[in-house]
Amino acid sequence: SRRLPPRRALLRLVTVVRVLFVATALTTAANVTASVLAHPVWPSATDPQRYCQAVEAAGFLLATMLSTPRCRRGFHGCLLRGGTGNRRAGALIAALLGNRSLRRALRKAAERFRCVAVDEVAEEDLLSPRDTGLHARSVRASLGQVDAFVSHSWGDDGTCKMAALRDWA
């Protein structure tokens, strides 16, 4: 038997789990519906079995809806905003990959990779998120041909980044 690549195996597992959630939710909802039709009283706390089955069906439907790719990306985004260390790095990689393979993500990164010559960077480019024309001064580059990377996170001090860049250059 041929082994699936890990990402594809994980996606298959998620699909199987989602199908099981839907099947369980539908079966449970059908059971609750049949029970209500046989004894026309809506499930309530006084009828714990039907009440629990209704809650179970709703829970499985909710779990199915929350396991969509869009919801997973949203969850990755939450981890990125609130995570630290390895959790944040893992969430970043997952969010960057989205629904693509690592090979496709690397190809896209190579297609979009750009650089700016160190003498083209001004301190004002690193001080705020407003557009200073830095992207217009960038040129396409190949992966592996750029000597340095300067964080463009606005959480980092721009003056310190510029000082480090000048020291490096």
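**Exercise 1.** Find the salt-bridge partner of E111 and work out how the pair is placed in the chain.

*Solution.* Start with the contact: E111 pairs with K108, and their closest N and O atoms are 3.9 Å apart. Helices here are DSSP runs of H or I with at least four residues, and strands are E runs of at least two, numbered from the N terminus.

A word on the model: it is predicted, so local features need pLDDT of at least 70 and side-chain atom pairs pLDDT 80 or more, while totals for chains, interfaces and linings use all residues. Residues are numbered from 1 along each chain as its sequence is written, and side-chain values use heavy atoms, without hydrogens and water.

**Exercise 2.** Locate the salt bridge of R137 and decide whether each partner is buried or partly exposed.

*Solution.* First, the partner of R137 is D125, with 2.8 Å between the closest N and O atoms. The pair joins distant parts of the chain, twelve residues apart: R137 sits in helix 6, D125 in the loop between strand 1 and helix 6. Now apply the classes (buried under 20% relative accessible area, exposed over 50%, partly exposed in between; 1.4 Å probe, protein chains only). R137, at 27%, is partly exposed, whereas D125, at 3%, is buried.

Note on methods: Salt bridge = Lys/Arg side-chain N within 4 Å of Asp/Glu carboxyl O.
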